[in-house]
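Have the structure open as you read.

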Amino acid sequence: QLSLFRLTMKRLFSASHSSVDSKEMKKFQLLAHKWWDEEGEYSALHSMNDIRVPFIRDTLLNMSSNYHLGNPLSGVKILDVGCGGGLLSEPLGRLGALVTGIDPLEDNIRTAEQHKSFDPVLDKRIQYKSSSLEEIVEECMETFDVIVASEVVEHVADLEMFIKCCSQVLKPEGSLFITTINKTQLSYVLGIVVAEKIIGIVPEGTHEWEKFVPPEELERLLESNGFSVKTVNGMLYNPLSRSWSWMESTSINYAMHAVKSGAQGQSSPTDALSEMESEQPLATAGTTM
C-alpha cells in the first residue's frame with residue numbers, strides 16, 4: 001500500500017505538473033546576486049522583516065508554553081518555501097529555529113549559502129536546498145512545525161497543489177504563514193503601476209496582476225485542504241520611509257496564519273489557548289478569523 005501511495009505521489013508531482021512557473025524563474029534569475037543589497041531591488045523585502053518576523057515569532061509563542069530566553073524559537077523546524085537569498089531564513093535562524101530554505105533557482109541558493117557561511121551559528125541552524133516544494137514532499141512527510149511562504153504564492157503555477165504540498169510536509173497542528181498581494185484595483189495601481197513603473201521599488205515585470213490572490217480565495221483553498229485560518233492582517237508599505245506597518249484593510253498586501261488540523265481532525269488545545277490569550281497586538285493586528 002505504501003509503495004502504491006509513493007507511486008501515486010510521484011505521478012502527482014512529476015516534472016510535467018509542477019507548481020514552479022518557468023517564466024517566473026527567468027525573472028528572478030537575473031536578480032539572484034542582488035538579494036543582500038538593502039538599497040537595491042529587494043529593499044522592500046528587507047524592511048518587511050520588521051513586521052513579518054515578529055508576526056511569526058509572536059504568533060508561535062502565543063501557541064506554545066515553551067519559552068527559551070534569547071532563542072524563542074529554539075528547536076522549531078521551519079520550512080522557508082521560495083527562500084530566495086535567505087532574507088527571512090536568517091532572522092528566523094537567529095531566533096533559534098532550525099530552518100530549511102528551498103528555492104527552485106540554484107543561483108538564489110548559492111547566494112543564500114554564501115551569505116549564511118559568514119555566521120557560524122546560522123551555518124549550523126540553516127540548510128538550503130535547490131528544490132521545488134513538490135520535489136521534497138516524499139522525503140519530508142509531516143516533518144515541519146512551521147511553513148513560511150512569504151511573497152511566493154503570487155508566483156506559483158498551481159496554487160491548490162502548492163497548498164496540498166504544504167499540508168503534506170507540515171506536522172498535524174503545524175502553522176502556515178503566508179504573505180502576498182490581494183487582487184484589487186488598488187493593488188494593481190500601487191503594486192504594479194506605482195511600485196514597478198513609477199518609483200521602481202520593484203523591478204518591472206516582477207508581478208502579474210492576474211496571479212495575485214484574494215484573501216477569500218486563499219482562505220477557501222486552505223480550509224478545503226485541512227487548514228483552519230486564524231489570522232488575516234492587512235499590510236501597508238510606505239515608500240518614503242521604506243517601512244511596513246499593519247493596517248485593517250487587506251486591499252493591498254496581507255499576511256495570513258493558518259493551522260493544519262490535528263491527526264484526528266481536531267484542533268490543537270493550544271489554538272484555543274492562543275485565541276484566549278490574543279490580547280497580544282501583533283498577531284491580531286488585522287481581523288482575526
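About 40 Å³ of space lies in the second largest cavity of this predicted model. A cavity is a set of points, on a 1 Å grid over the protein atoms alone, where a 1.4 Å probe fits but cannot get out; the volume is the space filled by probe spheres set on the points, joined across faces, edges and corners. By this rule there are two cavities of 30 Å³ or more.

Which residues line the second largest cavity? They are Arg 52, Phe 55, Ile 56, Leu 88, Val 148, Ser 150, Phe 177, Ile 178 and Thr 179, where lining means having an atom within 4 Å of a point. H3, S4 and S5 each give two or more residues to this lining.

Now for the second largest pocket, which holds about 460 Å³ of space. Of its 21 lining residues, Leu 60, Met 63, Ser 64, Val 76 and Asp 145 are the closest to its centre. A pocket is an open set with protein on both sides within 12 Å along at least five of seven lines. Helix H3 (43-63), strand S4 (144-150) and strand S5 (170-181) each supply at least two lining residues here, and S5 gives the largest share, five residues.

| Space | Volume | Lining by class |
|---|---|---|
| Second largest cavity | about 40 Å³ | six nonpolar, two polar, one charged residues |
| Second largest pocket | about 460 Å³ | nine nonpolar, nine polar, three charged residues |

In the table, Ala, Val, Leu, Ile, Met, Phe, Trp, Tyr, Cys and Pro count as nonpolar, Asp, Glu, Lys and Arg as charged, and the others, Gly among them, as polar. Helices (H or I, at least four residues) and strands (E, at least two) are DSSP runs, numbered from the N terminus.

Residues are numbered from 1 along each chain as its sequence is written, and side-chain values use heavy atoms, leaving out hydrogens and water. Local features need pLDDT of at least 70 and side-chain atom pairs count only at pLDDT 80 or more, while totals for chains, interfaces and linings use all residues.
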